[in-house]
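Subject: Structure for your review

Dear colleague,

I am passing on the structure below, together with notes on what was found in it.

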Amino acid sequence: MKVNNQPPIYLQIELSPVGYLKLRASELGLTHLQVVSEADAVDSGDIIDASADSIEQAQKHVQQAITELNEYFAGKRSEFDVTLAATGTVFQHEVWQALRELPFGQVCSYGYIANKINRPKAVRAVGAANGANPIAIIVPCHRVIGKNGTLTGYAYGLKMKQALLSLESAD
C-alpha cells in the first residue's frame, strides 16, 4: 500500500452480499472501499476531474477490486492483489500493512498488531488507525477482535464483522 496524496478520480457502486460497496480509485490504485446504504450509494463524494487515460487506469483498479471481491464472497479468494493507494499517515499505513499480512481466516488483537509493527505501547493508536481504514474487507480490519476473544467495534457493525469472519472460517 502506497502513501498516497492523490484524490480519487473514479467511483463505482457495486451490490455485494454485505450491501452496496462504494469503490473509489486514483490512477495509482484503490483509495476507498466502503459499505454504504442505498441512499448513500449515489453520492459522488470527492471525485475530481482527470484525463481520460487517468480515469481509465483508475477504472481498471476498481474493476480488478470488484472481480477479486466477487471471488472472495464466492469462497474462491483468500488474498487480494489489487493495488491500493489509500491516503493516510505513515503510522496508519504500517497498521494497514500489518492487517494485510494477517492470514485469511485468522484473527488478532490490537496488541498483536502493535507488536507486529514494533510499537508495543501503541495499542490505542493501532485501534484508531484500524478505525480509520478507508479500504474495508481488502484491508481486513474485521479480523481484529478483543484480546479476550470477543468481537469489538466495527465501522459497519458487529453483524457484518461476524459475517465476514464466518465467511473466512468456512474454508
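In these notes a residue is called buried when its relative accessible area is under 20%, exposed when it is over 50%, and partly exposed in between, with a 1.4 Å probe and protein chains only. The model is predicted, so local features need pLDDT of at least 70 and side-chain atom pairs count only at pLDDT 80 or more, while totals for chains, interfaces and linings use all residues. Residues are numbered from 1 along each chain as its sequence is written, and side-chain values use heavy atoms, with hydrogens and water left out.

Salt bridges

A salt bridge here is a side-chain nitrogen of Lys or Arg within 4 Å of a carboxyl oxygen of Asp or Glu, and a search of the whole structure returns six of them. One of these joins glutamate 56 to lysine 60, with the closest N and O atoms 3.8 Å apart; both residues belong to helix 1 (residues 52-73), where they are four residues apart, about one turn of the helix. Helices (H or I, at least four residues) and strands (E, at least two) are DSSP runs, numbered from the N terminus. Glutamate 56 is partly exposed because its relative accessible area is 41%, and lysine 60, at 47%, is also counted as partly exposed.

Glu71, Arg77 and Asp81 are linked in a network of salt bridges. Arginine 77 is buried, at 18% relative accessible area, whereas glutamate 71 is partly exposed at 27% and aspartate 81 is exposed at 53%.

Cysteines

If a disulfide is taken as a pair of cysteine sulfur atoms within 2.5 Å, the search of the whole structure finds zero. The sulfur of cysteine 108 has its closest cysteine sulfur in cysteine 141, and because the separation is 11 Å, the two are too far apart for a bond. Cysteine 108 is buried at 7% relative accessibility, and cysteine 141 is buried at 9%.

Helix 2 (residues 90-101) has 12 residues, which should span 16 Å at 1.5 Å a residue, and its end C-alpha atoms lie 17 Å apart, in agreement; the expected span is 1.5 Å times one less than the number of residues. Among its buried residues are Phe91, His93, Trp96 and Leu99, and the cover over the buried residues of helix 2 includes helix 3 (110-116) and helix 4 (123-131).

Strand 1 (residues 10-16) and strand 2 (residues 19-26) pair in the antiparallel sense over seven bridges, where pairing requires that DSSP finds at least two bridges between two strands. These two strands form a hairpin with two residues between them, and tyrosine 10 has alanine 25 of strand 2 as its bridge partner.

Backbone points to check

Asparagine 118, in the loop between helix 3 and helix 4, has a positive phi of about 60° although it is not a glycine, and it is exposed at 67% relative accessibility. Isoleucine 137, in the loop between helix 4 and helix 5, likewise is not a glycine and has a positive phi, of about 70°, but isoleucine 137 is buried, with a relative accessible area of 1%.

Note on methods:
Contact = heavy atoms within 4.5 Å.
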